[in-house]
Amino acid sequence: MISLRLILLVFIISSSAIAQKDYKLWLQFDRITDTRLASEYRSRLQGIVSFGNSETSKIATKELETGIFNMLENKPDVLSEIKGENKIIIGSRAVLNSEIQKSISSDFDKINEEGFIIKTILFKNKKHILITGKKEVGVLYGVYNFLRLLQTNKSIQDLNIADSPKTNIRILNHWDNLDRTVERGYAGFSLWNWQKLPDFIDQRYIDYARANASVGINGTVLTNVNANALILTPQYLEKVEALANVFRPYGIKVYLTARFSAPIEIGGLKTADPKDADVSNWWKNKAAEIYKRIPDFGGFLVKANSEGQPGPQNYGRDHVDGANMLADAVVPFGGVIMWRAFVYSEHDANDRAKQAYAEFQPYDGKFRDNVIVQVKNGAIDFQPREPFHPLFGAMPRTPLMMEFQITQEYLGFSTHLVYLPKLYQEILESDTYQKGKGTTVAKVIDGSLTKTKLTGIAGVSNIGNDLNWTGHPFAQANWYGFGRLAWNPNLDSETIADEWLRCTFSNQENFIKPVKEMMIQSREAVVNYMTPYGLHHIMDTGHHYGPGPWVSNLSRPEWNPVYYHKADKNGIGFDRSKKGTNATAQYAPEIEKIFDNLETCPEKDLLWFHHVSWDYKLKNGQTLWNGMALKYQEGVNQVKDMQNIWNKTEKYVDADRFREVQMLLEIQYKEAKWWRDACLLYFQQFSGKELPKGVEKPIETLEYFQSLKFPFAPGN
Ligand code: BDP
């Protein structure tokens with residue numbers, strides 16, 4: 001009996017330990033094992049002097065205290081004045097000791113309102129480390145960045161760091177429904193427990209805010225873009241207010257999605273016409289009601305006249321009318337409207353990729369100052385690879401914000417290890433040529449090109465109530481990396497992977513080097529085994545799980561994979577060149593020329609822009625058919641490589657996460673083969689050619705793959 005209890009106890013303890021490791025994300029603050037370094041840190045961190053007593057500054061102090069304690073097993077004293085040497089001094093400019101404030105006053109010129117300074121200073125001839133910012137939240141960001149120096153084993157000898165976020169709105173978009181299901185969510189249910197709010201504050205809300213603040217995310221849209229008007233009723237606003245109160249000290253503003261027809265659905269009006277005075281008044285009153293509860297409410301995110309959502313076009317008005325009407329409602333309170341450009345119409349089957357540009361580009365310069373147009377990274381829909389969205393090069397007089405998808409709707413859900421910052425970086429680095437060479441997407445969205453004040457990056461969240469937040473332990477890196485790139489769109493994704501690995505797992509070089517390699521290659525792997533050479537949107541219908549290049553029976557043409565790959569006897573690919581839909585003309589002439597010409601079009605985007613014959617000679621000398629088949633195989637091989645790398649990491653990683661990732665990689669390997677076989681068997685019907693040497697023969701038939709059905713695939 002006793003031994004059974006003991007076993008149970010051990011089980012409980014060990015399973016909560018599993019939860020803890022995974023749960024703690026990149027904020028593990030593991031003991032520093034390098035003894036020389038640890039003792040050096042200890043000698044320099046002999047106490048904390050904290051100026052200021054706001055909620056935010058209390059959090060900053062606590063983070064420093066516990067972070068240092070966990071990493072160095074040394075509880076630093078929290079002191080009320082600066083005595084002796086080697087203290088960490090924290091506080092915003094306004095509350096700092098006046099002597100220190102004066103001595104570093106010119107450093108404040110280097111940062112913006114949310115920036116921070118970490119600097120080794122002399123105070124009364126003694127060395128200390130100062131962490132400061134213009135605002136309290138800057139101090140908090142500084143603290144997390146300082147802790148990251150320790151987590152990644154960096155020197156803290158002579159520090160002189162001044163850093164600021166390059167964009168204003170760094171925001172997660174939660175596609176969370178009020179019933180707690182998450183559209184395209186693969187990590188459980190929504191974190192927001194609406195039923196228990198506002199009175200029950202789940203510790204997870206705090207941990208969520210903390211994780212976001214640690215990478216500089218400063219906004220969250222709580223609700224799905226396919227919006228429910230009920231969130232705007234007092235019953236729910238009270239709950240939203242409770243969340244806003246939790247997030248505020250972490251520098252995070254709350255935003256909501258606005259259902260355009262809300263004035264009818266919850267307001268009792270007959271219309272939602274943006275030009276109707278009652279409608280605009282209804283929104284003005286609604287905004288006032290929200291701001292009364294939540295003075296720092298961020299504003300609204302709107303999906304209008306897209307995929308069946310209501311919008312201004314229902315009343316013969318346009319996007320500008322709709323966005324500006326809402327903008328006027330929130331402007332007295334400092335709110336913004338994030339108006340999405342993700343539109344495509346059932347009345348125009350010509351080329352979906354052209355539609356957002358066609359609809360939005362003519363509105364350039366017509367939106368109010370507090371409107372920012374939110375554009376997906378590519379012109380179709382969050383595919384494993386897309387060329388950058390042409391709108392980024394075409395609306396110089398309109399603030400544009402980036403929308404990335406962090407949740408892996410089209411990239412294997414939360415079972416595939418795909419390191420997305422690599423994809424994000426590819427887009428951010430793309431040259432739009434808007435104002436000549438070097439006008440990258442990053443420069444468009446950080447405002448450095450157009451000098452716009454309103455800038456932002458949104459990420460469609462991959463977070464749910466799974467113990468490990470994101471379903472796959474490595475999907476945590478996508479949340480982390482999104483935050484880091486939102487802070488600075490010019491950061492390098494490999495550096496971010498390095499940081500994340502050290503903070504999340506281990507500083508051992510023998511672990512970091514291969515695993516970083518594995519993360520970097522994972523993005524190309526998924527492109528190869530799903531959609532090589534510019535193929536896109538050939539996922540199975542509705543849920544988008546697994547391959548479905550054969551799907552052709554959906555009511556709207558552009559919902560069918562066959563619309564996108566256009567495979568026939570002559571070849572494969574979507575001709576978007578001048579000879580085809582002329583989508584290439586939506587890019588600046590320098591880019592248009594490159595994409596338009598089969599010879600100069602990058603091969604990675606080949607079938608995105610061209611319909612190419614099966615015998616077309618690729619740069620490596622292979623025919624397109626052979627090259628494509630070999631790419632599918634390469635993707636499978638790359639997953640095998642990833643498995644081999646991971647299998648050697650056992651001694652660096654806790655047993656639970658090791659095993660978890662190992663099992664997930666096994667699924668990924670199985671599914672990569674599924675993708676390869678299903679796609680090649682299907683396309684082979686058109687090419688009529690044998691598989692080249694080096695490509696494994698499928699074991700199943702095409703009919704088998706076509707028969708697979710997943711009625712309960714998650715996120716749908
Ligand atoms: C598509 C998703 C759909 C979203 C839509 C959007 O399949 O669930 O509602 O994007 O971004 O990719 O609005």
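**Backbone, sheet and ligand shell of a predicted model**

Phe382 sits in the loop that links strand S12 (371-376) to strand S13 (400-405). Helices (H or I, at least four residues) and strands (E, at least two) are DSSP runs, numbered from the N terminus. The model is predicted: local features need pLDDT of at least 70, side-chain atom pairs count only at pLDDT 80 or more, and totals for chains, interfaces and linings use all residues. Residue numbers start from 1 along each chain as its sequence is written, and side-chain values use heavy atoms, with hydrogens and water left out.

Phe382 has a positive phi, near 50°, although the residue is not glycine. A cis peptide bond, with omega about 5°, connects Leu197 to Pro198. Pro198 belongs to the loop between strand S7 (169-173) and helix H6 (203-215). Most residues other than glycine have a negative phi, and most peptide bonds are trans.

The ligand is surrounded by 14 residues; a residue counts as near if one of its heavy atoms lies within 4 Å. The closest are Glu183, Lys303, Arg340, Asp381 and Glu409. By class, the shell holds eight charged, four nonpolar and two polar residues. Here Asp, Glu, Lys and Arg count as charged; Ala, Val, Leu, Ile, Met, Phe, Trp, Tyr, Cys and Pro count as nonpolar; the others, Gly among them, count as polar.

Polar contacts are pairs of N or O atoms within 3.5 Å; within protein, one must be able to donate a hydrogen and the other to accept it, and residues adjacent in sequence count only if both atoms are side-chain atoms. A side-chain N or O atom of Glu409 lies 2.5 Å from a ligand oxygen. For Tyr410, the corresponding distance to an oxygen atom of the ligand is 3.0 Å. A polar side-chain atom of Asn226 is also 3.0 Å from a ligand oxygen. On its own the ligand has 320 Å² of accessible area, of which the protein covers 97% (Shrake-Rupley method, 1.4 Å probe).

Six strands make up an open, mixed sheet in the order S2-S1-S3-S5-S4-S6; strands pair if DSSP finds at least two bridges between them. Strands S2 (78-79) and S6 (160-163) are at the edges with a single partner strand each, so one side of each has no neighbour in the sheet. S4 (residues 116-123) and S5 (residues 126-132) are antiparallel, paired over seven bridges. Ile121 has His128 in S5 as its bridge partner.

Helix H21 (residues 655-687) has 33 residues; at 1.5 Å a residue it should span 48 Å, which agrees with the 47 Å between its end C-alpha atoms. The expected span is 1.5 Å times one less than the number of residues. Gly688 follows H21 and has a positive phi, near 65°.
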